[in-house]
There are 4 protein chains.
Amino acid sequence: MSFNTFGRLFRFTTWGESHGPALGAVVDGCPPGLALDEAAIQPFLDKRRPGQSKFTTQRQEPDQVRILSGVFAGPDGIQRTTGTPISLMIENTDQRSKDYSEVAKAYRPGHADYAYDAKYGFRDYRGGGRSSARETAARVAAGAVARLAIPEVTIRAWVSEIGGDAIDPANFDAAEIDNNPFFCPDAAAAERWARIVDEARLAGSSVGAVVTCEATGVPAGWGAPLYGKLDADLAAAMMGINAVKGVEIGDGFAAARLSGEQNADPMRPGETAPEFLANHAGGIAGGISTGQPVTVRVAFKPTSSILTPQQTITRDGEATEMFTKGRHDPCVGIRGVPVVEAMMALVLADHKLLHRGQCG
Amino acid sequence: MSFNTFGRLFRFTTWGESHGPALGAVVDGCPPGLALDEAAIQPFLDKRRPGQSKFTTQRQEPDQVRILSGVFAGPDGIQRTTGTPISLMIENTDQRSKDYSEVAKAYRPGHADYAYDAKYGFRDYRGGGRSSARETAARVAAGAVARLAIPEVTIRAWVSEIGGDAIDPANFDAAEIDNNPFFCPDAAAAERWARIVDEARLAGSSVGAVVTCEATGVPAGWGAPLYGKLDADLAAAMMGINAVKGVEIGDGFAAARLSGEQNADPMRPGETAPEFLANHAGGIAGGISTGQPVTVRVAFKPTSSILTPQQTITRDGEATEMFTKGRHDPCVGIRGVPVVEAMMALVLADHKLLHRGQCG
Amino acid sequence: MSFNTFGRLFRFTTWGESHGPALGAVVDGCPPGLALDEAAIQPFLDKRRPGQSKFTTQRQEPDQVRILSGVFAGPDGIQRTTGTPISLMIENTDQRSKDYSEVAKAYRPGHADYAYDAKYGFRDYRGGGRSSARETAARVAAGAVARLAIPEVTIRAWVSEIGGDAIDPANFDAAEIDNNPFFCPDAAAAERWARIVDEARLAGSSVGAVVTCEATGVPAGWGAPLYGKLDADLAAAMMGINAVKGVEIGDGFAAARLSGEQNADPMRPGETAPEFLANHAGGIAGGISTGQPVTVRVAFKPTSSILTPQQTITRDGEATEMFTKGRHDPCVGIRGVPVVEAMMALVLADHKLLHRGQCG
Amino acid sequence: MSFNTFGRLFRFTTWGESHGPALGAVVDGCPPGLALDEAAIQPFLDKRRPGQSKFTTQRQEPDQVRILSGVFAGPDGIQRTTGTPISLMIENTDQRSKDYSEVAKAYRPGHADYAYDAKYGFRDYRGGGRSSARETAARVAAGAVARLAIPEVTIRAWVSEIGGDAIDPANFDAAEIDNNPFFCPDAAAAERWARIVDEARLAGSSVGAVVTCEATGVPAGWGAPLYGKLDADLAAAMMGINAVKGVEIGDGFAAARLSGEQNADPMRPGETAPEFLANHAGGIAGGISTGQPVTVRVAFKPTSSILTPQQTITRDGEATEMFTKGRHDPCVGIRGVPVVEAMMALVLADHKLLHRGQCG
């Protein structure tokens, strides 16, 4: 089965392969009247775009988005959403014509090649086809639209760990995040990571990373218990990103090592809403937002594409060895930052509408 | 919004509150012709049932399930599913009449009380109402039906860590799991945990836990990329369980600390299917099963109900203090084991049907 | 496949067979805070209940509904919805133990017996099992809850034609509808129908009917174009009722015989909203409500259960003859009236919430 | 709310406005391995294309479809579906730049203008925007893909009535359908219709039509009772087509005028499956296919765009008069034929997959 739609009221459907003519997203259910043009989306795509430093893949894609439907310029000349589906398209321009005969015949270990073939019996093997991380450009574009639907929320993600080397919370400086090629809020860590990632790159190896994302301004009450809980939807959204293997809300696995007293989030009266004295829960209780910042941590595995040859099999079941040629991210987690932000925005926009629908 | 249905083809809807007359599940989409009676479900409910040791809540509920629809005994006298919705009901028998005036007036910290009130403006405060872990009985019952739909799969979960004390993989003995009140596969760890949990219990405190679940026999090819990936669905299923704050597939967060070489899962030709030399990926690549065991790790926070008073607020916004009276699990993760297994079964049954529908 | 859930935000799932222990519905997504107890539902079930005149089946079912979840009595003692799933159960009390050996072996023509067997390979043949019109009791109960969510709307249905004999619009008197056993707004027609239906009943035959339903008070703007249009959802809702073979919105098939001028619904300024000079469209344009009354006409075929023997086949494929013994409605359309009303309420409640979610 | 996705397993999402740069559909869930290129879709679009006779609108659109994803040419050079989403795009080339100031200010009676404004508060008024029948090109393209997934089924639609003038069943000749501009299987009727439609066209008026559609080869067992019944899904699919006001399955409203004996569909043993002696039911019982031809009748209202001025109101609520300038179909039902066929194919493809998923 193939399911390429995400969301309940604020929904998006993506399409496209790594080496096809284009990829895109259809955003459906977006509220009408929001100012939207390409310029509102492009900065987020630019943030995700490859080839911006030596620490990411050198594939060159301008990733220019076009809006094909769902907007209209009214008498004031401002283009706005009309409430109808918004079709976003990004053309693929850097489809190097190269020799795919090897990847056509054998399965790259750690990639989805074998699984897709086992499922569909037939696959577009060029650059991973549909399973390529290139598809996340469509999510980022859709996420940019979602942000417009939740102006009360501020979303910010950063890399908090690379190759097992974590940032020092004491050094956290939000202003640093966009000052280095790692989206790293700790300047000292960014320097160390430059060495770690460069070493991996030069060795044809790769390293993993952890991305942290925080959404502030989420009011209490969003969430759809019991099987559309805000945290469950976030977990699905994040685990569905390429290369992600773990998701934590709030303290996550660390909470499993705390006592009930240590893990408590006591409350006291606040100005306009209760004030919480801690946020171990990551802003969600019982699947519903509490008004505190919603915090998620996402683990990215090291890129599977490495130069060291690995044992694998051909489509015919013969033993062979493969290593990955071509341009790859030594640390896919870095470019995961705008994707994590986009998925956060998409989940929150959906839950805002769901809440308003039932309880508005 | 309220969304109490899970799954796409094999779906279930649960209903019921902690202190209402009953709770239940409607399982829809189950294939016809599967032998099903109450005896096929009851053992799983018994495994989850409280009051079986001093390490779990003393609430006494027989949790007897009744099947109200969707089955029929044919000429051979064997009751089988008919393909129509299966209604499962469990009556609540231990609804102690007690004084709820305190919990009616103020929000228990760490619980969903405040969030539900912020969302719905009105709540059933008795025993947590709909947000009570009591609802998981309905999931366990539904999960027992799901298991019948995937006879090729064996699902087994255990507690792998309590209060930060992990099992020793070298001591792993599957036969031990049902030999102790902790579903612990490491006899030595079980002894230590008895002290840890008992200490927490006597102190009116609580501890967290990690549950590991493994499904063997899942064929390659199940999964619905890109927004119904098998791992994403598992993440949602697990994160939606009460008290869960983290989910890992395969190596999870540990993978983020490995190099690409260390994290590789090389393949070689096998008897009937490729043989993998490692399973860092947890049996899933690109959101699709690979034929290896599907492995998940789930972090449970310590029970929020503790005897130490905590700062909180009343419904009227006044400052107050609360501690939790009554019967509670000092470690909710323990009773999470059958729930994790149930959710694994439900996700897999759904994906089996989805795969057969599109690719069958 | 089996799909027993209807609706997007205001959703219900039904379960149960004609001769099982009970049947029911789980209503999910209902807004919180609505006063709801059994007394708010029972009158609608009573209206649908069989055995109230000689013109309907003599099966005796008290059809007492129980609410098992989703409501809570607050400090004012009034029981209200909490926003969580509302489980409704109706026990089957009149399950006559009779001999089903004939129906077990052969397929009743015009019934779903053969189709269910072709689909599931196995069926509960007692009284039609899941395909029995008895399931509509669950819809009527769910519909009663839906009405509470749309207090601005008034829904009224009646029988407008029986056995090809239509009411005279000039005789329409809403007050007559509940004055006769046919829900007939035309007293003269009711007298004629008494003869028509009685004749069919005595002959062991059956007649068809047309039910008309009107919802007033629906504001302009409800509807989810393009694939959740209000009229498309109503068409699905009505066509899904047992024995229904046709659905019209507004003028329906008659509109296909009009010219563009005759079919026009001109507008002029009104007090608070535009005033329409006609309503050929039945209150819906482009799948969205216009503020005019929403009108639907629904065709019920004659009951398939008749005394005249019909050619059919056994499960083994042998030729045989069958006629229907037992208690049956000579005109199922009559008891369809509360079912049509319920489905109208359920569709409108869903669309109210959907509209509020996206455009609220 | 906006819901632009149709189907459960075989799903499609459409996007685009009448006067935007393009429109399209994303088909998701299509089985892998089906030979698919533009040439497999184009003939169906050509059949629907306007401007092919004086009896349809003179808008000239080549309606060339492009496949942007979801297909791949394997070693044999044949392009096949891969099981991933298929993106179809049709560029709008005949967007006449004309003066829209009048339609921007006032609501065309009978059109969706007022309803869209009431819903979204803002609309693309050029050519009806999203509510234009131009969107049906995307359905037709998606339907062409659906046909590939159900090779066992043959779908054929025709116009059976125009302006109240019905074909004579005795004259039915399938070979005639493509011999005249009306998709009329009765040569004599086609001649009469030429006069009727031409008269309407010259008078700036319009006429309604009825389209009949038949699918043969549908095996017994497709359908998803109770709330995804095959007939209910067909009703939604057809009622959701622009200008449709009524849907009948089998005998439809005529069945409501038959007795149970007249309406019976007796069975007798057949070669490979039961043989039915009649098909009043239109091939569906209890929401499940019976193996007989599935037959649907669909009523199209007369085009709302006429030259006679009609009373209406401006956006500001002032009284005014409007008539429709520009190019319009005097009988939209004619071009509805390929759209009805497409929706039939899409519903059947979905149900084939659903059935295989649960009962395969």
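## Two interfaces in a predicted model

Chain A and chain D bury about 3,400 Å² between them, 68% of it on carbon and sulfur atoms. Buried area is the accessible area (1.4 Å probe) that two parts lose on being put together, summed over both. Chain B and chain A bury about 7,700 Å² between them, with 63% of it on carbon and sulfur atoms.

This is a predicted model: local features need pLDDT of at least 70, side-chain atom pairs count only at pLDDT 80 or more, and totals for chains, interfaces and linings use all residues. Residues are numbered from 1 along each chain as its sequence is written, chains are lettered from A and ligands numbered from 1 in the order in which they are written, and side-chain values use heavy atoms, with hydrogens and water left out.

**Chain A against chain D**

- In chain A, the residues A:W15, A:F72 and A:F122 lose the most area to chain D; together they make up 20% of what that side buries.
- Contact (heavy atoms within 4.5 Å) links 41 residues of chain A with 41 residues of chain D.
- Salt bridges (a side-chain nitrogen of Lys or Arg within 4 Å of a carboxyl oxygen of Asp or Glu) number zero between chain A and chain D.
- Six residue pairs are in polar contact between chain A and chain D, both residues being at pLDDT 80 or more.
- A polar contact is a pair of N or O atoms within 3.5 Å; within protein, one must be able to donate a hydrogen and the other to accept it, and residues adjacent in sequence count only if both atoms are side-chain atoms.
- On the side of chain A that touches chain D, β2 (11-16), β3 (22-28), β6 (79-81), β7 (86-91) and α3 (113-120) of chain A each supply at least two residues.
- Helices (H or I, at least four residues) and strands (E, at least two) are DSSP runs, numbered from the N terminus.
- β2(A) gives the most to that side, with five residues.
- By class, the side of chain A that touches chain D has 16 nonpolar, 15 polar and ten charged residues.
- Ala, Val, Leu, Ile, Met, Phe, Trp, Tyr, Cys and Pro count as nonpolar, Asp, Glu, Lys and Arg as charged, and the others, Gly among them, as polar.

**Chain B against chain A**

- Here 103 residues of chain B are in contact with 103 residues of chain A.
- B:Y227, B:K245 and B:F253 supply 12% of the area that chain B buries against chain A, more than any other three residues.
- The count between chain B and chain A is zero salt bridges, but 35 residue pairs are in polar contact, both at pLDDT 80 or more.
- Helix α3 (residues 113-120) of chain B gives the most to the side of chain B that touches chain A, with six residues.
- That side divides into 53 nonpolar, 33 polar and 17 charged residues.
- Strand β11 (residues 244-249) of chain A pairs with strand β11 (residues 244-249) of chain B in the antiparallel sense, over three bridges.
- Two strands pair if DSSP finds at least two bridges between them.
- A:E248 stands opposite B:G246 in β11(B).

**How chains A and B are related**

- A rotation of 180° with 0.0 Å of shift along its axis superposes chain B on chain A (RMSD 0.0 Å).
- That is the relation of a two-fold axis.
- The same surface serves both copies: 100% of the contact residues of chain B recur in chain A.
- Copies are superposed by least squares on the C-alpha atoms of residues with pLDDT of at least 70 in both.
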